[in-house]
Amino acid sequence: MHYNDFLTTLKTCPFCELSQRILLENNSAYLTYSLAPYHPDHLLVVPKRHVEHILDLTDDEIKDIDALEK
């Protein structure tokens, strides 16, 4: 599925309510796989708190996201 097609089917935030697809997590972020990947094995690191913009993340959330990226 192409990403633009995927976006048109969304009714809610695609990152909220993903508990069944969490591969790894820490206090404020989790690692999951993409439902509309750009390439095979496309993974996503997502903050647990719903934020509209990356600049809204706290320092602790950024540290937790960085830890999952390694």
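Predicted model: local features only at pLDDT ≥ 70, side-chain atom pairs only at ≥ 80, totals over all residues.

**Exercise 1. Work out how β1 and β2 are arranged.**

Step 1: β1 and β2 make up a hairpin, and three residues lie between them. Strands here are DSSP runs (E, at least two residues; helices are H or I, at least four), numbered from the N terminus.

Step 2: The two strands run antiparallel, with three bridges joining β1 to β2. Strands count as paired if DSSP finds at least two bridges between them.

Residues are numbered from 1 along each chain as its sequence is written, and side-chain values use heavy atoms, with hydrogens and water left out.

**Exercise 2. Find the pairing of β2 with β3, and say how covered β2 is.**

Step 1: Five bridges link β2 and β3, again in the antiparallel sense.

Step 2: Alanine 29 has proline 47 in β3 as its bridge partner.

Step 3: Four of the five residues in β2 are buried, so the strand is mostly covered. Buried means under 20% relative accessible area, exposed over 50%, and partly exposed in between (1.4 Å probe, protein chains only).

**Exercise 3. Decide whether aspartate 41 is buried or exposed, and look at its backbone.**

Step 1: Locate aspartate 41 in the loop between β2 (29–33) and β3 (43–47).

Step 2: Its relative accessibility is 74%, so aspartate 41 counts as exposed.

Step 3: Now check phi: aspartate 41 has a positive value of about 65°, although it isn't a glycine.

**Exercise 4. Describe the surroundings of glutamate 61.**

Step 1: Glutamate 61 sits in helix α2 (residues 59–69).

Step 2: Leaving out residues up to four places away in sequence, glutamate 61 touches Ser28, Arg49 and Asp56. Contact means heavy atoms within 4.5 Å.

Step 3: The side chains of glutamate 61 and arginine 49 are joined by a polar contact of 2.8 Å. That term covers a pair of N or O atoms within 3.5 Å; within protein, one must be able to donate a hydrogen and the other to accept it, and residues adjacent in sequence count only if both atoms are side-chain atoms.
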